[in-house]
Amino acid sequence: MSPRPRALPRRGLLKLAGGMVTAGALMGASGCGLLGGSEDKQGGNAQVEKANLRIGGLPTSELAPLHLAVRNGHFQREGLTVEIINAPDGGTALTSTIGGDYDITFSSYVPIFSAQAKGGTKLKIVADCASSTPNTCMIMASPGGGVHSPQDLAGKKIAISGAGTISELMVKASMKANSVDYSKVQWMPLGFPNMPNALKTDQADAAFVVEPFLTLSARDAGAIPVVDTATGPLEDLPLGGYVSTAKFADENPKTVAAFQRAMDSAVAEAQDRSKIEPLLPQFAKIDKETAAIITLLKMNSRADATRLQRIPRLMLEFGYIRNDVDVASMIVAPPQS
Amino acid sequence: MTKTLRGLVGLLGFLIVWEAFSRSGIVPQQYFPPPSTVLAQFAELLGDRSFLLDLIATVLAWAIALSVSIAIAVPAGLLLGSVRWVRVATRAIIEFLRPIPSVALIPLAIVLVGAGPETKITLAVYASVWPILFNTIYALDEIDPVMVDTARSFGLGRGRVMFTVALPNAAPFVLTGIRMSAAVALILVVSTEFLAGGASGLGTFVLDASTGAGRMDLVLAGTLVAGIVGYLINEALELVHKRGFRWSAVDREAA
């Protein structure tokens, strides 16, 4: 049995309620920006149709120029306010862009061209991002797994970031270039952060690893480099770029041109390594020591149809898509300057 | 005082076991860093502006979600608890909706309300409505009918009985529901940030730290902050319960 309530301490409750209402009002007034939502979604200005852009990204080092552009005012000079939203993976970022939540997103090229070849929402390539350089995209072997040369990879267990990704394509292409049969390889989907440990504990015989995990797998797991995929036929392969839906690009030509100009100048500034090294611990959470030694990809801003066409050609060759994709028609021509 | 002391001894013991385990080499230290490393990162993070903005984003989303849940669940609970036929009519649909895990609704929420902070707030509201709703309904069941009859015999109408007898009587139960919901809402906000990404938030910070460079020290430091926020929220609500409802016999351990 519960005892009968005596007088309820109303004053205390009233105070509490008052406090909550005040807090609620304060939150309403200042909350939107602090919550991390854009405050004015539709506004434009004299320079652009849409001033506030939501850009999808990933916490990876090749996005350094984008962060540099936000931090050093490259976007601001073009009349843009950019909010970078990190997605859990590239596929999700692309889906959110097609769904209209992001205006422009970074994505690796394989999902972009797969989506285009399937003929759903038409996409436009707004800017290029980065291409492979030696020592950035390697097949590493576990220290005790008995893989020493590309030939040893046949029939082994190879960790890749996922089926149908650019890492799978690059492993297959470089095995083929080395005349190694990849049909009996056991593909093991695994996130990049887990690869150094998978190599160390022999869960995988080899793994396709990118920076900073390349440096970490050599340092912490004693992994052995087997193939540098960025040499030979895959040298300077375009890896990822910035895309929007065709609808967005058509409706906001000035905005897209402003984005392109800002990225041009940010990428030019990013060629100086000392400009982006301090950014890596902030947005990609790479510790300072590792940030100082990792190999960076080649940063680009202008999309070139001839170079980019290599990706759909490879995808066609390895059966990722059935019809070729005309890259030239997807590129939004950069502004003349 | 001794209670606090005992708590501290327990905490210290836990930290020592953790430190010893992490340094023993059973697991690689960079995957399970010792508390000395994590606490150093934790201290550094508290001075980091972008991390504080992440923290504010999460706490704000939590506060909004909990306020909205209370605003929905208390009136709905009063309605369902006092009008018999509404409760019978909605029983099937409520029992169907309640067990759906909120995180499974992330893709749907992104499509419906967008990928901004709306998503995490919506999902947190969805999950945290239930404990308040059910506690309110059950509280109304528990009211001594003699009290209601007494109030009626003094000529009070249905509405006045609701506000002067039923609601004050139900308040301790409702607050217990709110405490449960506060924890649920925090879990949902952080896990939605982690699973769906976003511009800022504790979960997004942990996501970036784990996928960007596999920084387990930062992941654990971020987790520690989430744990502390949850602890402080619970302590604050418990204090409200103690101060506001000293007369109530509702078991505070129910949550």
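Predicted model: local features only at pLDDT ≥ 70, side-chain atom pairs only at ≥ 80, totals over all residues.
Colleague: How many helices and strands does chain A have?

Modeller: Chain A has 337 residues, and buried residues make up 54% of them. Of its contacts with a separation of 6 or more, 77% come from residues 24 or more positions apart. The count for chain A is 15 helices and 11 strands.

Colleague: Which strands stand at the edges of the open sheet in chain A?

Modeller: Five strands of chain A form this sheet with mixed pairing, in the order β7-β6-β8-β5-β9. A strand at the edge has a single partner, so one side of it is left without a neighbour in the sheet; in chain A this applies to β7 (186-189) and β9 (224-228).

Colleague: In which direction do β6 and β8 of chain A run relative to each other, parallel or antiparallel?

Modeller: I158(A) stands opposite A206(A) in β8(A). Two bridges join β6 (residues 157-160) to β8 (residues 206-210) in chain A, and the two strands run parallel.

Colleague: What angle does the direction of helix α6 of chain A make with that of β6(A)?

Modeller: Helix α6 (residues 166-177) of chain A packs on the sheet and touches β5 (137-141), β6, β7, β8 and β9 of that chain. Its direction and that of β6(A) make an angle of about 140 degrees.

Colleague: Is L11(B) buried, partly exposed or exposed?

Modeller: L11(B) lies in helix α1 (residues 2-23) of chain B. With L8(B) and F14(B), L11(B) forms a nonpolar surface patch of about 320 Å² of accessible area together. Exposed would require over 50% relative accessible area and buried under 20%; because its value is 47%, L11(B) is partly exposed.

Note on methods. Residues numbered from 1 in each chain as written. Chains lettered and ligands numbered in written order. Heavy atoms only, no water. Helix = DSSP H or I, 4+ residues; strand = E, 2+ residues; numbered from the N terminus. Buried < 20%, exposed > 50% of the residue type's maximum accessible area, 1.4 Å probe, protein only. Contact = heavy atoms within 4.5 Å. Patch = residues over 30% accessible without salt bridge, like charges linked within 9 Å, V, L, I, M, F, W, Y side chains within 5 Å. Areas by Shrake-Rupley, 256 points an atom, 1.4 Å probe, with all protein chains shown as cover. Salt bridge = Lys/Arg side-chain N within 4 Å of Asp/Glu carboxyl O. Pairing = 2+ DSSP bridges. Axes fitted to C-alpha atoms, helices over the stretch in contact; angles between N-to-C directions.
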